[in-house]
Amino acid sequence: MSEQGRRRPSKPYRRPRKDPVRVLAFEALRAVDERDAYANLVLPPLLRKAREQEGFDARDAALATELVYGTLRRQGTYDAIVAACVDRPLREVDPPVLDVLALGAHQLLGTRIPTHAAVSASVELARVVLGDGRAKFVNAVLRRVAQRDLEGWLAEVAPPYDEDPEDHLAVVHAHPRWIVSALWDALGGGRAGIEDLLEADNERPEVTLVARPGRATRAELLDVLGEGAGEPGRWSPYAVRLAEGGEPGALDAVREGRAGVQDEGSQLVAMALADAPLDGPDARWLDGCAGPGGKAALLGALAARRGAALLAAEKQPHRARLVQRALAGNPGPYEVVTADGTRPPWRPGSFDRVLVDVPCSGLGALRRRPEARWRRRPEDLEGFAPLQRSLLAEALKSARVGGVVGYATCSPHLAETRAVVDDVLKGHGGAQEVTAEWIDARPLMPGVPALGDGPDVQLWPHLHGTDAMYLALLRRTA
C-alpha cells in the first residue's frame, strides 16, 4: 500500500466556540492592561452591552465579574505559578496570552469550576482571541497548572516564611513585596494581623449605601430593599449593607440622589469632622478636594441640618460636575466651584470646618481596585507627598482660628498619613504662618473598636470591614 494510502485522514476543522462570558472577561483584562483602565469602570458598560444579547443572564454577569476581579486580585500568585509551568521568562510571553493563562489559572485554582471545564473553556477562548497556534501553548501550560491545587502550588513557588517573610506573604496573598512591607509597617504586630489584612484585600467588598440625612433614612432604604436584601451598617447610622448581588441603581433613592454608594469608612470620616467640638460660629464648611462627591454630599446634608453652608471645591472640571450632581437637591445652601486647593480663590480664615480628602496611592482600597496593587510603584508616593502637604497647609489657612480641619486619605501608608501631618504641624509644606493642635478623633467614632493609640484614626478592612481610611483632626490655634 502506498504511503498516501496509509495516511490517516485529518480531522475536519472545527470552528472555536465563542463563550461570551470568557470573551467579556478577556476584553476587560486587556483594557486594564493596555489602557491602564480600572475594572470598576470598564466592566459595567461591557456587562450592559452583553445583557442586550439573548441568553446572557445574571448568572453570566456574576461569573464574568468573578473572573475579572478574581484574576486581578490573585495576579501575582498566578504569575508565579504560570512561570513555573513555562519554559521561558514571563516577559517573553505576549500579554494577551498571559491574560488567557491567568483567567484559566483562576478557574482552576480559585473557583469550583471542574478541571476539565476550566481547561477546555480556556483553550476555546484562546482559539477565539489568539488563534489555534497559541491555543496549543495555552492548553499545554494549563494542563501543567492543573496538576496541583492552589495549596500545593504555593508550597512549590512561595519561599518559606522563616527565610523571607515578606516575599512569602507577597506570593501567597498576591501583593507586591513593597506593599506587604508598607502595610506591615503601618499595621504593626506579628504575622497573624498582616495575613488577615492581606486576605481581606482579596475578598469581594460589600456594597454599602448611605442614606443622606434630611433626604432619606436607613429605615426607608431597608424597607424598600425588603427582608434579606440589606442590613444596617456596622458603625454609621446612615449605612446600609446590600446583600450579595444587590443592585444600587435599582433603588429610587439612589437614582434621585437621596442616597448613594459610599464605603462606611468614608461615612465615618465625614461624620467625625462634622461632630468635632467647635467653639464659636459653625456656619461655613469646606470640602477642599470634593470629587467625585460622596463625602461632599454627606457633609452637605449634615451641614444643612445645622443651617450651615457647604463650599465644595474640585480642581478637575469633570470631577466638579460629578460633585454638582451628587449635591443636587441638597436641602441646605451649597456651592460647587472648580478650584485648586493648593491655590484657593477664597480668603484665608473663611471656614469653620474644612475637609481635605487628598489624592493618594489608593492602597486603602485594594479590595475595590485590585489592579492598583500591580500598577503602583514606591516612587509614586514621592509624587503625592508635596501635593498632600500643600493641600493640608492650605486647609489650615482656610480655617478660622479655632476652626477644625480634617485630613483624610484612602491609604494606610505612613508616608501618606502621620508623616504628612507631622511635617505640616512643624511648619513644612507652606504652613509656616499657622499653628494647629491635634484633636483626638477616636471619641468621634463611637462604638468603633480597635482605633489605635490616637489621636488620629486608621481604619482597616480586616478589623472594621471598611476601606483603610485614615483621618487626622486638627484645630487651628493661630
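Predicted model: local features only at pLDDT ≥ 70, side-chain atom pairs only at ≥ 80, totals over all residues.
## Salt bridges across the chain

Let's start with the charged side chains. The count of salt bridges here comes to 41. A few of them are worth a look one by one.

Take Arg234 and Glu206. These two form a salt bridge, and their closest N and O atoms sit 3.5 Å apart. Arg234 is found in the loop between strand S2 (230-232) and strand S3 (239-242), while Glu206 belongs to the loop between helix H12 (191-201) and strand S1 (208-211), so this pair ties together parts that are 28 residues apart in sequence. Both ends are partly exposed: Arg234 has a relative accessible area of 38%, and Glu206 comes in at 31%.

Next up are Arg306 and Asp275, whose side chains meet in a salt bridge at 3.3 Å, N to O. Here too, distant parts of the chain are linked: Arg306 is in the loop between helix H16 (294-305) and strand S6 (309-314), Asp275 is in helix H15 (residues 264-275), and the two are 31 residues apart. Arg306 is partly exposed, with a relative accessible area of 38%. Asp275 is partly exposed as well, at 43%.

Arg400 and Asp352 meet through their side chains in a salt bridge, 2.5 Å from N to O. Arg400 is part of strand S9 (residues 399-409) and Asp352 is part of strand S8 (residues 351-357), so the contact ties together parts of the chain that lie 48 residues apart in sequence. Arg400 and Asp352 are both buried, which means that each has under 20% relative accessible area.

Salt bridges can also share partners. That is what happens with Arg30, Asp33, Glu34 and Asp99, which are joined into one network this way.

## The cavity

The space in the largest cavity is about 50 Å³. Its lining is made up of Leu286, Gly288, Gly341, Trp346, Val354, Val356, Leu391, Glu394, Ala395 and Ser398.

Which elements supply at least two residues each of that lining? They are S8 and helix H19 (380-398). H19 gives the largest share, with 4 residues. Sorted by class, the lining of the largest cavity has 6 nonpolar, 3 polar and 1 charged residues.

## The second largest pocket

Helix H2 (20-35), helix H4 (58-73), helix H5 (75-83), helix H6 (95-110) and helix H18 (372-375) each bring at least two residues to the lining. The largest share, 4 residues, comes from H6. By class, the lining of the second largest pocket has 8 nonpolar, 2 polar and 6 charged residues.

Conventions
Residues numbered from 1 in each chain as written. Heavy atoms only, no water. Salt bridge = Lys/Arg side-chain N within 4 Å of Asp/Glu carboxyl O. Buried < 20%, exposed > 50% of the residue type's maximum accessible area, 1.4 Å probe, protein only. 1 Å grid on protein atoms, 1.4 Å probe; cavity = no way out; pocket = protein on both sides within 12 Å on 5 of 7 lines; lining within 4 Å. Points joined across faces, edges and corners; volume = space filled by probe spheres on them. Nonpolar A, V, L, I, M, F, W, Y, C, P; charged D, E, K, R; others polar.
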